[in-house]
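Reader: Please take a close look at how the parts of this model pack against one another. I would like the geometry first, then the residues involved.

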Amino acid sequence: MQECLGISITDKVIRYAKVQKDANQFKVSSYGLKFYSNLEETIDQIITETNSSRIPISTNITNENYYYFNIFSLTNKSYAEKAIKTEFESFCSENHINGQLYEGRYLYTKNLENPDQSRIIYIYDNQEDIAEKTSYFKKVRLDTLAPLPIAMSNLIVADRNKNSMIIDLEDTTTITTIINQSIYSVDKFQDGMKEILEKINEKENSYSKSYEVCKNTTIYTMETTAEDANNEYLKYIIPTLYNITRRSSKTTRDNKTHR
């Protein structure tokens with residue numbers, strides 16, 4: 001039986017799930033959520049509680065950036081790798097970025113406006129951030145370190161005739177757009193749950209209680225009950241959700257020509 005522990009880390013919260021595979025069957029054997037003040041201690045606690053010290057572990061990078069450009073589809077692999085490296089170096093030079101401080105990876109996807117070209121999604125993160133994240137797993141086998149907006153695309157079955165958007169409301173918000181069964185773009189913006197939780201936490205003085213407030217709040221689009229009208233925290237929640245909705249609609253419009 002194959003097993004893997006997935007750990008998703010945000011500013012104050014860790015979500016985790018242990019998955020087992022037997023033949024073609026997948027089973028989540030344990031999962032949960034923990035708030036933390038000491039990240040390394042909490043990770044060790046999760047690994048101990050789930051008995052995962054000897055199995056592969058996957059986690060997310062958190063400060064990655066995305067850069068998009070095109071290359072000709074007919075270039076051979078060796079030339080393509082050189083072209084991608086040169087393009088990123090030029091991008092760093094133009095934006096006064098020290099490329100030596102970053103680690104990058106990339107995805108090929110289709111250029112829907114020019115079939116003779118491939119669209120490259122270049123994902124890069126600061127090496128110090130990556131080293132810090134991996135240091136929390138030095139006692140175990142960290143098998144995968146991946147950007148969550150990319151990894152989440154594996155959770156859906158993409159239909160060739162239907163495009164999709166995955167909106168992840170974490171500390172900040174990310175929108176993963178999938179067109180013709182391939183990731184087309186990842187959009188990141190600052191509005192997200194971190195802003196809401198911090199405002200509620202100023203009154204509750206408990207991050208876990210602030211989380212429960214959000215979890216148990218119902219927002220009606222057409223009618224608001226008297227109980228919800230008296231919810232003092234709606235003034236923090238609704239404006240942020242409105243901004244997320246507005247940005248999501250803009251992303252949809254920007255990609256409308258590819259639908």
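**Packing in detail**

Author: In this predicted model, helices H5 and H6 make a right-handed crossing. The axes of H5 (residues 193-204) and H6 (residues 207-215) come within 8 Å and cross at roughly 115 degrees. On the H5 side, the contact is made by Met 193, Lys 194, Ile 196, Leu 197, Ile 200, Asn 201 and Glu 204. These meet Tyr 207, Lys 209, Ser 210, Tyr 211, Val 213 and Cys 214 of H6. By class, the residues of this contact are 8 nonpolar, 2 polar and 3 charged.

Aromatic rings supply another kind of packing. With ring centres within 6.5 Å as the criterion, there are 12 aromatic pairs. Phe 88 and Tyr 122 are stacked, because their ring centres are 4.3 Å apart and their planes lie at 20 degrees, with under 30 degrees as the limit for stacking. Phe 88 belongs to helix H2 (residues 77-94) and Tyr 122 to strand E7 (residues 117-126), so this pair ties together parts 34 residues apart in sequence. Both Phe 88 and Tyr 122 are buried.

Tyr 122 also stacks with Tyr 106, at 6.4 Å centre to centre and 15 degrees between the planes. Tyr 106 lies in strand E6 (residues 102-110), so its pairing with Tyr 122 in E7 ties together parts 16 residues apart in sequence. Tyr 106 has 31% relative accessibility and counts as partly exposed, whereas Tyr 122, at 10%, counts as buried.

Phe 88, Tyr 106 and Tyr 122 belong to one aromatic cluster, whose members also include Tyr 67, Phe 69 and Phe 91. Elsewhere, the charged end of Arg 119 sits over the ring of Tyr 184, 4.0 Å from the ring centre.

Technical notes:
Residues are numbered from 1 along each chain as its sequence is written. This is a predicted model: local features need pLDDT of at least 70, side-chain atom pairs count only at pLDDT 80 or more; totals for chains, interfaces and linings use all residues. Side-chain values use heavy atoms; hydrogens and water are left out. Axes are lines fitted to C-alpha atoms, for helices over the stretch in contact, and angles run from 0 to 180 degrees between N-to-C directions. Helices (H or I, at least four residues) and strands (E, at least two) are DSSP runs, numbered from the N terminus. A crossing is left-handed if the near helix is turned anticlockwise from the far one by less than a right angle, and right-handed if clockwise. Contact means heavy atoms within 4.5 Å. Ala, Val, Leu, Ile, Met, Phe, Trp, Tyr, Cys and Pro count as nonpolar, Asp, Glu, Lys and Arg as charged, and the others, Gly among them, as polar. Rings of Phe, Tyr and Trp (its six-membered ring) pair if their centres lie within 6.5 Å; planes under 30 degrees apart count as stacked, over 60 as edge-to-face and the rest as tilted. Buried means under 20% relative accessible area, exposed over 50%, partly exposed in between (1.4 Å probe, protein chains only). A charge sits over a ring if NZ of Lys or CZ of Arg is within 6 Å of the ring centre and within 35 degrees of the ring normal.
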